[in-house]
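Please look at the sequence and the structure shown here before reading on.

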Amino acid sequence: QVQLVESGGGLVQAGGSLRLSCVASGRTVMGWFRQAPGKDREFVGCISWSGANTLYADSVKGRFTISRDNAKNTYLQMNSLKPEDTAVYYCAADTLHSSCLSGGSWSYWGQGTQVTVSS
């Protein structure tokens with residue numbers, strides 16, 4: 001059982017930045033997802049167990065960065081934000097793999113944090 005707690009969401013103007021944090025009760029492969037109103041949840045990116053490898057969706061590549069520290073914290077740094085980035089953002093844990101896979105086994109989820117980007 002892995003418990004995840006997110007923080008860092010909020011309201012920001014287009015072109016601005018936000019950093020989301022996720023604290024996990026254990027060290028696993030970590031992913032970030034988002035869900036906009038009326039849309040399906042979509043993969044944003046993930047980071048491997050070691051932190052050496054990351055993977056990003058094309059829609060955020062070059063603007064978002066996922067990192068993790070030596071403890072149990074994972075971060076999603078979001079730069080150059082656009083109104084279409086507005087969504088509830090979730091962190092998720094994959095306890096079955098050591099590599100980062102968009103189609104991984106995302107068994108545990110945080111509660112979500114709202115990110116709103118105004119134009």
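## Basis of the model

This is a predicted model, in which local features need pLDDT of at least 70, side-chain atom pairs count only at pLDDT 80 or more, and totals for chains, interfaces and linings use all residues. Residues are numbered from 1 along each chain as its sequence is written, and side-chain values use heavy atoms, with hydrogens and water left out.

## Aromatic rings

Four aromatic pairs are counted, where rings of Phe, Tyr and Trp (its six-membered ring) pair if their centres lie within 6.5 Å, and planes under 30 degrees apart count as stacked, over 60 as edge-to-face and the rest as tilted. Phe33 and Trp106 form an edge-to-face pair, with 5.4 Å between centres and 75° between the planes. Because Phe33 lies in strand S4 (residues 29–35) and Trp106 in strand S10 (residues 106–109), the pair ties together parts that are 73 residues apart in sequence; strands here are DSSP runs of E with at least two residues, numbered from the N terminus. Phe33 and Trp106 are both buried, that is, under 20% relative accessible area with a 1.4 Å probe and protein chains only.

One aromatic cluster is formed by Phe33, Phe43, Tyr90, Trp106 and Trp109.

## Charge over a ring

The charged end of Arg41 sits over the ring of Trp109, 4.4 Å from its centre, the rule being that NZ of Lys or CZ of Arg is within 6 Å of the ring centre and within 35 degrees of the ring normal.

Definitions and conventions: Helix = DSSP H or I, 4+ residues; strand = E, 2+ residues; numbered from the N terminus. Buried < 20%, exposed > 50% of the residue type's maximum accessible area, 1.4 Å probe, protein only.
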